[in-house]
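Please read it with the coordinates open beside you.

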Amino acid sequence: MKAGVLYSGGKDSSLAAIMLGTYYQVELNTFVFDPDRLIPSVEAAAKALGFPIKKRVFQKGLLNEMVDLVMEKGYPNDAINRVHQSAVESLAGEYNVVGDGTRFNDRVPMLSRAAVQSLGNRTGCSYVRPLLGYVRPEVDRLVDRFLIVEYGETGTIQNGDYETEIREACRARGLDCASLFPQHHDQSLVVGRKDK
């Protein structure tokens with residue numbers, strides 16, 4: 001059975017894909033707002049894992065709505081969670097199993113229990129989060145065992161994280177991202193797999 005895994009190219013979604021690959025035929029899915037955005041680093045990460053990848057494009061206008069939401073709230077959490085839910089909902093229309101790399105104590109992105117139950121009831125899709133029971137130190141130990149990873153500040157590393165495009169759109173509107181987004185927010189990008 002196929003599982004559509006939301007994929008940023010980072011360590012968490014990569015580790016989740018490896019875990020799900022034990023039981024499912026994994027297809028990685030990276031969502032972007034701009035259809036012209038190229039994702040060569042994310043494609044290279046997928047290749048290192050050995051899974052096929054599809055670039056998906058969010059519906060037109062969603063990015064502007066999310067920038068409006070960031071401006072309204074004064075922080076990005078609600079916007080990132082809404083974008084994540086949109087991605088999960090989109091994949092639920094195509095796959096019977098949808099997975100991602102959200103882990104224990106993640107706040108963003110994170111779907112509520114009610115949202116997950118609603119998704120399953122409406123679509124029949126199983127939303128699987130293999131890292132949900134793993135705390136960050138244990139995820140980091142597993143990542144160190146299986147993956148070669150580069151780290152960098154959001155926007156300096158070319159992964160498929162939603163936040164990068166939302167930040168760019170905020171800057172394009174003349175907003176000060178430093179006052180809206182967390183300082184020193186590290187991202188990751190998988191550049192190889194140790195067990196291959």
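1. What covers the buried residues of helix 5 includes helix 4 and strand 5 (126-128), where buried means under 20% relative accessible area, exposed over 50% and partly exposed in between, with a 1.4 Å probe and protein chains only. Helices (H or I, at least four residues) and strands (E, at least two) are DSSP runs numbered from the N terminus, and contact means heavy atoms within 4.5 Å.

2. This is a predicted model, in which local features need pLDDT of at least 70 and side-chain atom pairs count only at pLDDT 80 or more, while totals for chains, interfaces and linings use all residues. Residues are numbered from 1 along each chain as its sequence is written, and side-chain values use heavy atoms, with hydrogens and water left out.

3. In helix 5, the buried residues are Ala115, Val116 and Leu119. Viewed down the axis of helix 5, its buried residues fall within an arc of 100 degrees (taken from the directions from the helix axis to the C-beta atoms), so they line one face of the helix. Arg113, Ala114 and Asn121, on the other side of helix 5, are exposed. Just after helix 5, Gly124 takes a positive phi of about 80 degrees.

4. Which residues have the most contacts inside the largest nonpolar core? They are Phe58, Val83, Tyr162 and Ile166, in a core of 31 residues; a nonpolar core is a set of buried Ala, Val, Leu, Ile, Met, Phe, Trp, Tyr and Cys residues joined through side-chain atoms within 4.5 Å. Two or more residues of this core come from each of helix 3 (62-73), helix 4 (77-92), helix 5 (113-123), helix 7 (162-172) and helix 8 (177-180), and helix 4 gives the most, with seven residues. Leaving aside neighbours within four places in sequence, Phe58 is in contact with Phe31, Val32, Phe33, Val83, Ser86, Ala87 and Tyr162. A second, separate core has 25 residues, among them Ala16, Ile18, Phe51 and Val149.

5. Thr30 belongs to strand 2 and, with a relative accessible area of 0%, is buried. Not counting residues up to four places away in sequence, Thr30 touches a set of residues that includes Ile39, Val42, Ile53 and Lys55. Ile39 lies in the loop between strand 2 (25-32) and helix 2 (40-49), and at 4% relative accessibility Ile39 counts as buried. Beyond four places in sequence, Ile39 touches Thr30, Val32 and Lys55.

6. Val42 is found in helix 2 and counts as buried at 1% relative accessibility. Its contacts, leaving aside neighbours within four places in sequence, include Tyr7, Thr30, Ile53 and Gly160. Val42 and Val191 are 149 residues apart along the chain, and their C-alpha atoms are separated by 9.0 Å.

7. The largest pocket holds about 990 Å³ of space. On a 1 Å grid over the protein atoms alone, a pocket is an open set of points where a 1.4 Å probe fits, with protein on both sides within 12 Å along at least five of seven lines, and lining residues have an atom within 4 Å of a point. Grid points are joined across faces, edges and corners, and the volume is the space filled by probe spheres set on the points. Of the 36 lining residues, Asp12, Val108, Pro109, Asp161 and His185 are the closest to the centre of the largest pocket.
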